Amino acid sequence: MNTQKKSLIIKLIIKILILCLLLSMSTLLINLSLNTKSTLIYNAKGNIDYKVYLKENNFYKDKYLGEGMTYVTSLVDYIDIDFNYNFDVSEKSDIDYEYKIFAKLVITPEDNSKVLFDEKYILDTDKVTNNSYDSNKYNLSQSIKLDYNYYNDLANTFKSTYGVNCNSKLYVGLEVNTNGKDANYQTDFNNSNNIEIAFSLTKKQVDINTDSASLDINENLNMGSEELIKNKGSLALGLILIVVAVIMVISIIRTVLNLRSQKDGYTRYIDKILYEW
């Protein structure tokens with residue numbers, strides 16, 4: 001086979017090689033993709049509202065007093081407390097949640113150095129199971145009628161029985177535990193949040209602390225990554241084309257080396273003839 005024919009063969013092999021590479025790369029890109037699971041964003045919002053209902057008296061015309069006031073203990077009948085909590089995520093998910101409304105009585109020395117008494121009472125609780133991926137949020141709205149005088153009497157009884165100088169507070173709040181699995185990545189996530197208000201006890205006036213009565217949280221959950229193969233048959237074809245391309249590269253290298261060797265022999269022969277002539 002002369003040099004010109006070999007050159008044509010090399011050009012043909014190079015074209016086939018380029019075609020194989022293009023086909024194999026496109027096949028791999030279509031059927032093998034690294035699916036990086038981006039962060040799952042969730043938002044939790046909650047707040048507590050309350051109204052202090054009064055016993056019959058000669059001073060207040062309204063049946064209840066709103067928020068942000070100091071209340072005369074002897075006039076308090078009961079307290080209506082409304083809990084609102086909203087949770088949503090950026091992807092549709094199977095979301096289950098459990099909530100507890102609690103009252104926590106805490107009695108401490110006047111310097112608040114230690115805890116003398118700590119008892120938690122569950123006022124309401126429920127667990128909601130979804131078992132589907134049709135939503136990415138839920139809304140929780142619950143109300144209770146708090147018997148403030150019951151807990152105030154407990155604290156007064158403790159104080160008088162043991163003759164201690166102490167501070168007493170009643171914390172009333174909402175605990176929410178959320179568990180879910182997102183529809184796209186099938187990754188589990190969980191979240192726990194708490195909102196509460198604090199009532200002073202054993203005093204002539206009731207002070208209500210609302211510093212922890214609301215929340216607004218935005219957080220990102222890292223969902224990781226995984227490799228997905230869409231079509232195993234097409235992926236195998238792409239790998240075969242790569243092997244064929246490698247074989248062609250080796251063939252081209254060998255042919256080029258062979259041509260160079262023949263050309264060098266021919267050149268030496270011509271140089272010898274010219275020299276002897």
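**Figure 1. T202, a buried residue in a loop.** T202 is buried, with a relative accessible area of 18%; buried means under 20% relative accessible area, exposed over 50%, and partly exposed in between (1.4 Å probe, protein chains only). You will find T202 in the loop between β9 and β10. Its phi is positive, about 60°, although T202 is not a glycine. Helices (H or I, at least four residues) and strands (E, at least two) are DSSP runs, numbered from the N terminus. Please keep in mind that this is a predicted model, in which local features need pLDDT of at least 70, side-chain atom pairs count only at pLDDT 80 or more, and totals for chains, interfaces and linings use all residues. Residues are numbered from 1 along each chain as its sequence is written, and side-chain values use heavy atoms, with hydrogens and water left out.

**Figure 2. The whole protein chain at a glance.** Buried residues make up 33% of its 277 residues. The accessible surface comes to about 17,700 Å², and 52% of that belongs to carbon and sulfur atoms; these areas come from the Shrake-Rupley method with a 1.4 Å probe, and for residues only the protein chains shown count as cover. Contact means heavy atoms within 4.5 Å. Among contacts between residues at least 6 apart in sequence, 77% join residues at least 24 apart.

**Figure 3. The largest nonpolar core.** A nonpolar core is a set of buried Ala, Val, Leu, Ile, Met, Phe, Trp, Tyr and Cys residues joined through side-chain atoms within 4.5 Å. The largest one here has 47 residues, and I79, I81, Y85, L170, V172, L174 and F199 touch the most other members. Which elements each supply at least two residues of this core? They are β2 (40-54), β5 (76-109), β7 (135-146), α2 (148-162), β8 (166-182), β9 (188-200) and β12 (214-221). Strand β5 gives the most, with 14 residues. Look closely at I79: leaving out residues up to four places away in sequence, I79 touches Y50, K51, V52, I144, K145, L146, Y148 and F199. In soluble globular proteins, nonpolar side chains tend to be buried together.

**Figure 4. Strand β2 and its partners.** Two strands pair if DSSP finds at least two bridges between them. Strand β2 runs antiparallel to β12, and 8 bridges join the two; here N43 has N218 as its bridge partner in β12. With β5, β2 pairs in the antiparallel sense over 13 bridges, and I48 stands opposite F83. Strand β3 (residues 64-65) is also an antiparallel partner of β2, over 2 bridges, with V52 opposite L65.

**Figure 5. I208 in strand β11.** Start with I208, which sits in strand β11 (residues 208-209). Is I208 buried or exposed? I208 is buried, with a relative accessible area of 15%. Strand β11 is joined to β9 by 2 bridges, and the two strands run antiparallel; F199 in this pairing stands opposite I208. Leaving aside neighbours within four places in sequence, I208 is in contact with Y50, V52, Y71, I197, A198 and F199. The C-alpha atoms of I208 and I197 are separated by 6.9 Å, although these residues are 11 apart along the chain. On its other pairing, β9 runs antiparallel to β8, joined by 13 bridges, and N179 stands opposite N190 there.

Figure 6. T108 is found in strand β5 and is buried, with a relative accessible area of 10%. A polar contact of 2.7 Å joins the side chains of T108 and N112. Such a contact is a pair of N or O atoms within 3.5 Å; within protein, one must be able to donate a hydrogen and the other to accept it, and residues adjacent in sequence count only if both atoms are side-chain atoms. N112 lies in the loop between β5 and β6, and its phi is positive, near 55°, in a residue other than glycine. Neighbours within four places in sequence aside, T108 is in contact with K114, V115, L116, C166 and N167.

**Figure 7. Helix α2 and its cover.** The 15 residues of α2 should span 21 Å at 1.5 Å a residue, and the end C-alpha atoms are 22 Å apart, which agrees; the expected span is 1.5 Å times one less than the number of residues. Its buried residues are Y148, N149, Y151, N152, A155 and F158. What covers them includes β5, β6 (117-128), β7, β8, β9 and β10 (205-206). After α2 comes G163, whose phi is positive, near 60°.
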